[in-house]
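Please consult the sequence and the model while reading the points below.

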Amino acid sequence: MTHQPVPFDDLDRKIVAALVANARTSFTEIGAAIGLSASAVKRRVDRMRETDVITGFTTTVRPAALGWRTEAYVEVYCDSAAPPRRLAEVVRDYPEIIAAMTVTGGADALLHVMATDVEHFEEVLERIRAEPFIRQTISYMVLSHLLTGSPEAGAAPPSTAPATATQ
């Protein structure tokens, strides 16, 4: 199935921006901010969901509130016989790996790992290294987040939509 270009105008961009800033913003609030009725906003959101412009809604949680106090990025170097789908199968078995992607450069993949403490991270790293096709790993512990409003820091992006009152 091929995807046809989806009409996407300035109002759609404003709706998406409002939902990115706060996915719980009501259609009434969004409509008041951009000059549409709540039902018109809902129709546009439904269309964007049906055409995969909007693929879901999420909650951002501060990792430390859940006990995840140690954070690291791990470069993974695989044997040449390890296809990305095999790596994807493995990383799904680790709840501590919150993001994983193949990358350009020397490494084959980059893993974003959260752990309760350094000892927990070390245990996870040893399990990763024990996978038969992983040749080498290089780890980078996160000391602090320079962009404290980023989702990686456990914060929602700053709101760009004007605040409006609902009736």
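In this predicted model, a salt bridge joins the side chains of Asp 12 and Arg 44, at 2.8 Å from N to O. The pair connects distant parts of the chain, with Asp 12 in helix α1 and Arg 44 in helix α3, 32 residues apart. Both Asp 12 and Arg 44 are buried.

**Helix α1**
- Helix α1 covers residues 10-21, which makes 12 residues, and its first and last C-alpha atoms are 16 Å apart, close to the expected 16 Å.
- Its N-terminal end is capped by Asp 9, which places a side-chain oxygen 3.1 Å from the backbone nitrogen of Leu 11.
- Asp 12, Ile 15, Ala 18, Leu 19 and Ala 21 are the buried residues of α1.
- These buried residues pack against α2 (27-34) and α3 (38-50).

**Salt bridges within a helix**
- Asp 10 and Lys 14 are about one helical turn apart because 4 residues separate their positions in α1.
- Asp 10 counts as partly exposed because its relative accessibility is 47%, and Lys 14 counts as partly exposed at 40%.
- In α3, Asp 46 and Lys 42 lie 4 residues apart, about one turn of the helix.
- The closest N and O atoms of the salt bridge between Asp 46 and Lys 42 are 2.5 Å apart.
- Asp 46 is partly exposed at 27% relative accessible area, as is Lys 42 at 39% relative accessibility.

**Salt bridges across the structure**
- Through shared partners, salt bridges join Asp 9, Asp 12, Arg 44 and Arg 47 into one network.
- The whole structure contains 9 salt bridges.

Terms used:
Residues numbered from 1 in each chain as written. Predicted model: local features only at pLDDT ≥ 70, side-chain atom pairs only at ≥ 80, totals over all residues. Heavy atoms only, no water. Helix = DSSP H or I, 4+ residues; strand = E, 2+ residues; numbered from the N terminus. Expected span 1.5 Å × (residues − 1). Buried < 20%, exposed > 50% of the residue type's maximum accessible area, 1.4 Å probe, protein only. Contact = heavy atoms within 4.5 Å. Polar contact = N/O pair within 3.5 Å; in protein donor to acceptor, adjacent residues only side chain to side chain. Salt bridge = Lys/Arg side-chain N within 4 Å of Asp/Glu carboxyl O.
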